[in-house]
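Okay, thanks for coming, everyone.

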Amino acid sequence: MRRIEDLDLKNLRLDVDGDGIARVTLDRAAKRNALDAATVEELVDLFSLLPRSGVRAVVLRAEGPHFCAGLDLVEHFKEDRDPADFMHLCLRWHEAFNKMEYGGVPIIAALKGAVVGGGLELASAAHIRIADATTYFALPEGQRGLFTGGGATIRVADLVGKARMIDMMLTGRIYQGQEAIDVGLAQYLVDDSEAKAMELARAAAQHPPLTNFAICSAISHMQNMSALDAAYAEAVVAGVVNTQKDARGRLEAFANKTAARVKPK
Ligand code: 1HE
């Protein structure tokens, strides 16, 4: 089996620390981290191998002042793609983002600057989004004469609702600051999104990997099911996760009254 260490990454950078926290960096700052076809393939490769790599949590970050400017418009212009070509390209975007959302490893996006178009589609495939004061969100597809193709109709609509997404696309509306949090585009607004992302990644990495696998795959799968099937699947997943050996010590600590209680600070 291929290992993440063997990947030949050019537009992404991967660093994994001793605690199994991976920093995945979008590393094409000169092009504002626009997603060209090669970067999408690197995302597919990386997030396909990640779930069985021993990595316990991921911080997805970017080089330069902007998180991601979306589809590489210059490549798209130069390639002058036909409908089938672009459809297949979009399927690769979906492959990458589905590997992220359903892969079972917590992914925390540290956002800054532009999180626009396909960049917002990428951020929406993470499990937690953290914004800073520079972060802004938009879907400029309309003004470019394009449409979303990387899952925004599913994930962005899920975050903000259909009406807000249509408004963003029709009017070019930009969300930032507290308003972006209020509409659901990110869950945290902080001074330093990378520091906060690392803090949350370290906290999540304390959980048993099987528990995080359920949180970061089962919930998404269950959203795609009928309530009846989701309840059944939930019971099956809980049957496996809630009887795992890794949980025994934690349950014993609670029973012995040595475990932390759940209380606000
Ligand atoms: C790019 C791209 C890109 C920058 N494709 N090359 N996305 C957009 O409509 C957003 C387009 N980008 C921008 O609005 C701005 O670039 C930013 C606000 C993100 C940053 O502005 P700025 O002033 O810092 O940078 P810049 O001068 O505009 O760009 C610097 C370089 O990055 C320049 O390249 P250079 O070789 O001339 O130096 C730009 O061409 C390049 N660059 N953004 C390609 N997006 C699956 S469908 C998804 C559909 C969409 O995502 S549509 C939304 C596309």
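So, Leu 210: it counts as partly exposed because its relative accessibility is 33%, where buried means under 20% relative accessible area, exposed over 50%, and partly exposed in between, with a 1.4 Å probe and protein chains only. Leu 210 sits in helix α10, residues 209–223; helices here are DSSP runs of H or I with at least four residues, strands are E runs of at least two, and both are numbered from the N terminus.

Quick housekeeping. This is a predicted model, so local features need pLDDT of at least 70 and side-chain atom pairs count only at pLDDT 80 or more, while totals for chains, interfaces and linings use all residues. Residues are numbered from 1 along each chain as its sequence is written, and side-chain values use heavy atoms, with hydrogens and water left out.

On to the inside. The largest nonpolar core has 52 residues, and those touching the most other members are Phe 47, Val 58, Phe 67, Phe 97, Phe 137 and Leu 185. Helix α1, residues 37–49, gives the most to that core, with six residues. There's also a second, separate core of eleven residues, including Ile 21 and Ala 110. By core I mean buried Ala, Val, Leu, Ile, Met, Phe, Trp, Tyr and Cys joined through side-chain atoms within 4.5 Å.

Next, the sheet: it's open, six strands, mixed pairing, in the order β1-β2-β3-β4-β6-β9. Strands pair if DSSP finds at least two bridges between them. β1 (12–16) and β9 (188–189) are the edges, each pairing on one side only. β2 (21–26) and β3 (57–62) run parallel over six bridges, with Leu 26 partnering Ala 62. β6 and β9 are also parallel, over two bridges, and there Ala 131 stands opposite Leu 189.

Last stop, Asp 72, in the loop between β3 and α2 (73–79). Asp 72 is buried, at 7% relative accessible area, and its side chain reaches the backbone nitrogen of Glu 75 at 2.8 Å.

Terms used: A polar contact is a pair of N or O atoms within 3.5 Å; within protein, one must be able to donate a hydrogen and the other to accept it, and residues adjacent in sequence count only if both atoms are side-chain atoms.
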